[in-house]
Amino acid sequence: MKKALLIIFLLCVSIVANAQNSSLLPVPQQVSVGNGRFRLSSTFTVAVKADPGDSILYFAVNRAFQTLNRRTALYFGQQRITAKDASDTCSLIIRVKQKKEAIPGGDESYTLTVTPQNIYLEASATAGALHGLETLLQLVQHDKEGFFLPAVSIQDSPRFVWRGLMIDVARHFIPVDVIERNIDAMAAVKINVLHLHLSDDEGFRIESKLFPELQKKGSYDEYFTQAQIKQLIIYARQRGIIIVPEFDMPGHITGFLAGYPNLSSNPGQTYQPGPRFAFGDKQMGLMDIMKMINSYPTPSFDPSKESTYVFIDKFLGEMAVLFPSPYIHIGADENNGVSWRNNPDIVAFMQKNNLADTHALQAYFVKRVQQILTKHHKRTLGWEELLSKDLPKDVAVQVWTDGTKMNEAARLGHSVIVSKGFYLDLFMPAYTHYQNDLLVGNLPDSVASKILGGEAAQWAEAVDKDNIETQIWPRAAAVAERLWSPYTVNNVDDMYRRLFVISNQLDEIGVQHISNYERGLRRLTNGADMASLKTLTDVLTPLKGYKKLFAKMTSPKSMSYQTAPLTAISDIVFVDSEVKRQFRAAVKSYLDKSNDADATSITTQLKKWLDHRTAMEPMINKGLLDNNINENSKKLYAVAMIGLDAIKLLQNKEKPSADWLKQRLDALDQMKKVYGEVELAIIPEIRALVNQRMDAEPASYPIF
């Protein structure tokens, strides 16, 4: 028995090792590498053995076929694959047993077998075939003889059924073309839920035919028409993705109240979309901000009036027809209850109905809305603040601040979606999302059975249509792997290796995360050669946590986050630096092995950082680049000098003197001063060269 268990253990290790030696992301459940390669040529053909009426499948097959054709430039002979193409002699044979729409909890499994002669993709349902096609595209490699797929056998299915991306389109409106590109990226990494945050204080972003004042007065004419939403739903469905709408209530509703102020718990006011808090021009500290958040009478629905529920019934009924999703998200977050306590009629309503406090009143409101959604054949989903002991069991809870809420919600019988640890707007590096402590281990059965999965969340205070893709991708792919692959797939260095491969593949299919970054740099240089600036910005990263956001939120109104042009260096750069990861790998390798090739690589990179300063000075002298860029450039130059001194000592096998060590470490500490809300990402690696040891990266970073 022990011998059998050892064999099973070694097999699992082999599967994970084989998977992680490839560039697949997410890593499949089981991978067995064979011998040989399937060579791609112009004679490549595809056969589909499936329901001829499965239009989603055939559309996906043709989409993948054309992607492969573009990547290889082999001019495949088949023009379009149809149900007539079912020959057993084709190069790729796809078999799908059942035509079935993709929904969370459906069968998403597939098997993919590549031999030197043929490729076989089999799935029980349409969704699995779509995932298998994405894996097939990721397998394509190139050598001097051309393009090929390695011989491999893959059996795959997701760890979690709900693998989502939340995009906030309320704070800054994100138009259709950007959403479509994000859907393409989601499909590539097997994310299957797009959660659209459609309403908030800053805007109401969807057309209502029953209540047209919503979009007329709540959107500044930036909203999705129902025709556009229908097209987005089709676009997502063709890629195995459902769209879940969120209409935040009872708080975060200024977008609603702009058109229908009679719904407010503070009657007699007029409303217009905008930031939730009136910070004014006075500089505020963190404690001032937190006090305001807890005490400010934020706009909210009046839960004591039946007319409120009549409106919600009609509105959600209209949205339930528009969105085929089995869920509608009602938000129910961050309602401090102050405006309720300030209204005597609402206080009297609470007393009459034995509602002890505003938490109980919120629970009452949520239950009423849940009953409305049930009538319209939808399940209710909301943020963790809606959790109460009396919450109906079919309400799903999305956890975002408190990990204990996950266990509490599961214990009370609720389905749970985890977003804590997956907030992309906090500018945390991908490895922190990848090592999310709520999902890294083998969860107890009592909890695991209730976890639907998780969602990466991109709130839009500090992003707009021109930089949101750079903030989401490729980091969201690390979240995708955490939600799809076994929890034993946890090698951070290998994740980063594959993350930057998938980043280039996303660029290939039209995602604009890289082009938006480069476009932003061209804007800063006013058309001048941006190579030296890019050398700098490739190793800059935005401040982590809420520091950057709070700086925007507390600026004078002329510079508030909704009106600020998001074109500063901190708005442009990636959170994760590929150059930094490559440099870190070289430093780590050299400290372990003293390899001459690593030393050469390190020295070459340090000299490049040193030289960038001379190349940038003409632009700085002409006033093309602001002082923040200038100061960060000086820091990079100084850090590179320290690194060169350190690598020389290492190559000479010298130990640094105490004075030398203190001087360099003190200088690196001085480099922590922030200019332009960005940090120099490579300081830990330079410090490692100075100390002659590599320290582990922090498991987490402060968010304030």
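These are my notebook entries on a few features I looked up in this structure.

**Ground rules**

I am working with a predicted model, where local features need pLDDT of at least 70 and side-chain atom pairs count only at pLDDT 80 or more, while totals for chains, interfaces and linings use all residues. Residues are numbered from 1 along each chain as its sequence is written, and side-chain values use heavy atoms, with hydrogens and water left out.

**Entry 1: salt bridges**

I began with charge pairs. Side chains of opposite charge can pair when their charged atoms come close. My cut-off for a salt bridge was a side-chain nitrogen of Lys or Arg within 4 Å of a carboxyl oxygen of Asp or Glu. Searching the whole structure gave me 44 salt bridges.

I then looked at Glu 469, which bridges to Arg 181 with the closest N and O atoms 2.9 Å apart. Glu 469 sits in helix H16 (residues 468-472) and Arg 181 in helix H4 (residues 176-188), so this pair ties together parts that are 288 residues apart in sequence. I took helices (H or I, at least four residues) and strands (E, at least two) as DSSP runs, numbered from the N terminus. For burial I used relative accessible area: buried is under 20%, exposed is over 50%, and partly exposed is in between (1.4 Å probe, protein chains only). Glu 469 is buried because its relative accessible area is 0%, and Arg 181 is buried at 14%.

Two other bridges lie within helices. Arg 498 pairs with Asp 494 at 2.7 Å between the closest N and O atoms. Both residues are in helix H18, four residues apart, about one turn of the helix, and both are buried. Asp 666 pairs with Lys 662, again with a closest N and O separation of 2.7 Å. These two share helix H26 (residues 658-670) and are four residues apart, about one turn. Here Asp 666 is partly exposed, with 32% relative accessibility, and Lys 662 is exposed, with 51%.

I also noted a network of salt bridges that links Asp 493, Lys 580, Arg 581, Arg 584, Lys 588, Glu 685 and Glu 697.

**Entry 2: Glu 134**

Glu 134 lies in helix H3 (residues 126-139). Leaving aside neighbours within four places in sequence, Glu 134 is in contact (heavy atoms within 4.5 Å) with Ala 187, Ala 188 and Lys 190.

**Entry 3: aromatic rings**

I paired rings of Phe, Tyr and Trp (its six-membered ring) if their centres lie within 6.5 Å; planes under 30 degrees apart count as stacked, over 60 as edge-to-face and the rest as tilted. The count comes to 27 aromatic pairs. One of them, Trp 162 with Tyr 327, is edge-to-face, at 5.2 Å centre to centre and 85 degrees between the planes. This pair links distant parts of the chain, with Trp 162 in strand S8 (residues 162-168) and Tyr 327 in strand S12 (residues 327-331), 165 residues apart.

Tyr 496 and Phe 500 are stacked instead, at 6.0 Å centre to centre and 20 degrees between the planes. Because they are four residues apart in helix H18 (residues 492-508), about one helical turn separates them. Tyr 496 is buried at 3%, and so is Phe 500 at 9%.

Ring pairs also build a cluster, whose members include Phe 204, Phe 211, Tyr 260, Phe 315 and Phe 365.

**Entry 4: backbone checks**

I looked up cis peptide bonds and noted one joining Leu 25 and Pro 26, with omega about 5 degrees. Pro 26 is in the loop between helix H1 (2-20) and strand S1 (30-39). Another cis bond joins Met 249 and Pro 250, also with omega about 5 degrees. Pro 250 lies in the loop between strand S11 (242-249) and helix H7 (254-257).

Positive phi came next. Tyr 75, a residue other than glycine, has phi near 55 degrees, and Tyr 75 is exposed at 70% relative accessibility. Asp 221 is not a glycine either, and its phi is about 65 degrees. Asp 221 is exposed, with 63% relative accessible area.
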